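Let's go through a protein model together and ask where its labels come from.

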Amino acid sequence: MTQEVFGLRYEFVYRHGHLMELFKEGGLEASELSNLQVRMLEANQIPRLLPFDIHEVDSNIRLLYRLSSKRMLSHVLKVENFSIHLLAKLMYAIVSTLDESKNYMLCEMNFVLKDNFIFIGQDWSDVYLTYAPLNIAHDVDESYLAIDALLHKLILHLREEEQVQLQAWVPTHLARKSFQAYKEALLKLMDEPILKRETIATPPSETIVAPVPEQGLPKAHWKHDEAKHIQPKTENPILSKREQMQLSFIPLQQRWRWMTIAFILILLAFLWQQYLESPSTSLLQIIAGTTLLLGDVGFVLLFLGRPDFSSRMIQNQKSSSTAHNIYDPGNEVMLDDANCATDPLDIQHYYQNLTLHTTLLSPSHSNATVLLGKSPKRDQLGPRLERQVEGVNQTVPINSEVFTIGRGDSSSRVDYVVEDVGVSRIHAEIVQTSNGFQLRDAGSMNGTFLNEFPLVTYQGYTLKDGDIVRIIRQELTFRL
């Protein structure tokens, strides 16, 4: 970590729990700490502060903060929905902590008001701040600047229209710099459901006035005939859609197969129980037909899989209006460009019928090269994760600077979903840096492993081609 705070570096370690360390390269001296603040922190359990310890070895002092079951704010903002109400709730808890700190003889300037030093629990008001008990020249006005900087950074995570509304609201309601004024303004912001949005006046729909027919001679009939003649012939859309649909099946996982069998058996048992309670010829025919139908459905799902309809372009269209010929006078070869366009999905079929696309060379040019068209370019895969599913290799492209992995939910968005038991909502992330890609555990309960090595929470680990990332039971191979 290259970032520093109060002249101290920080890193994340694991020592009987996840910790954050603040330290100095040459060692933090005891004179740099405020004895009064250290005693107050040790004697009182101050709310909304990260649990704090001082570790000293050979006069080398390090500040340790316990992070268990807490989530870094910067990580949460990347994956969860953020609104004006949540912003007001979060900022109110932060400002209240700063305001109440004087009851414990703490200084407002010693709080680290940055999103990667602020942690939250299960709720947005469950805030944990980082406090460094250092001897710092205290100026309360600077703490207001830090609050404003944090507020404006959080506003950037809102929707665009909410950003505009809140940026206009802040100068008016937070002009008076005091903790009490901040709390009153944030309470009003929480009480209002959402700032009243300015409704964009939609222009009234234009009334289409039918043109008044010109008086005089009637129009010539040849214009109508010409319009009919140049109107392109359209194919039947329903027919073309059916021709473009190709039926395929996706095999079911073992768990879903057992669930399908159980569901069909339970449904059949229920139907035949109804027949045994009130037997009749018509009911027997209905239940027998339903049994056969469910048997067919079960056979398809178990042995073929669930159907998947994927559309494909119709190949080898030989319409005279769209076909164009390519003529090479040097090679005396006539090609149809509709046929020489190679489809990568059906390349084997193309080369099996290659003789239908070309003509024989003349004896005088027997050594000439035949132009068959441009070969399809192979797409460069780029950074990705690979995994094996029932013998089939699946590829997950890494197409964002911060690629998140977890089980996700309605409020947490992740780029790759892992549904195994024990996976956290935001379990890990892959971050693209100037030096390559780094893997970080995002405060998960069960941990992340890189080449069977357990990761320290929030600590970045450089990824190389072929590294194996394990999350619970799922193994993902990182490729460049």
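Below are some questions and answers about the labels used for this structure.

Q: How do you know what kind of model this is, and how residues are numbered?
A: This is a predicted model, where local features need pLDDT of at least 70, side-chain atom pairs count only at pLDDT 80 or more, and totals for chains, interfaces and linings use all residues. Residues are numbered from 1 along each chain as its sequence is written, and side-chain values use heavy atoms, with hydrogens and water left out.

Q: Why is Glu21 called buried?
A: Buried means under 20% relative accessible area, exposed means over 50%, and partly exposed is in between (1.4 Å probe, protein chains only). Glu21 has 0% relative accessibility, so it counts as buried. You'll find Glu21 in strand S3, residues 18-23; strands (E, at least two residues) and helices (H or I, at least four) are DSSP runs, numbered from the N terminus.

Q: Why do Arg425 and Glu80 count as a salt bridge?
A: A salt bridge is a side-chain nitrogen of Lys or Arg within 4 Å of a carboxyl oxygen of Asp or Glu. Arg425 and Glu80 are at 3.6 Å, N to O, so they qualify. This pair links distant parts of the chain, 345 residues apart: Arg425 is in the loop between S18 and S19, and Glu80 in the loop between helix H2 (73-79) and helix H3 (84-100). Glu80 is buried because its relative accessibility is 7%. Both residues also belong to a salt-bridge network with Arg71 and Asp409.

Q: How many salt bridges does a search of the whole structure find?
A: The search finds 21. Among them is the one between Lys177 and Asp148, whose closest N and O atoms are 2.6 Å apart.

Q: Are Lys177 and Asp148 buried or partly exposed?
A: Lys177 has 38% relative accessibility, so it counts as partly exposed. Asp148 has 14%, so it counts as buried.

Q: What makes Lys89 and Asp123 a salt bridge?
A: Their closest N and O atoms are 3.2 Å apart, so they meet the salt-bridge cut-off. Lys89 sits in helix H3, while Asp123 is in the loop between strand S8 (119-120) and strand S9 (127-128). Lys89 is partly exposed because its relative accessibility is 24%, and Asp123 is partly exposed because its value is 30%.

Q: Why are S18 and S23 called edge strands?
A: In the open sheet of 5 strands, the order is S18-S17-S19-S20-S23, with mixed pairing. Two strands pair if DSSP finds at least two bridges between them. Strands S18 (416-417) and S23 (461-462) each pair on one side only, so they are the edges.

Q: How do you know that S17 and S19 pair?
A: Strand S17 (residues 402-406) and strand S19 (residues 428-433) have 4 bridges in the antiparallel sense, so they meet the requirement for pairing. Val402 stands opposite Val431 in S19.
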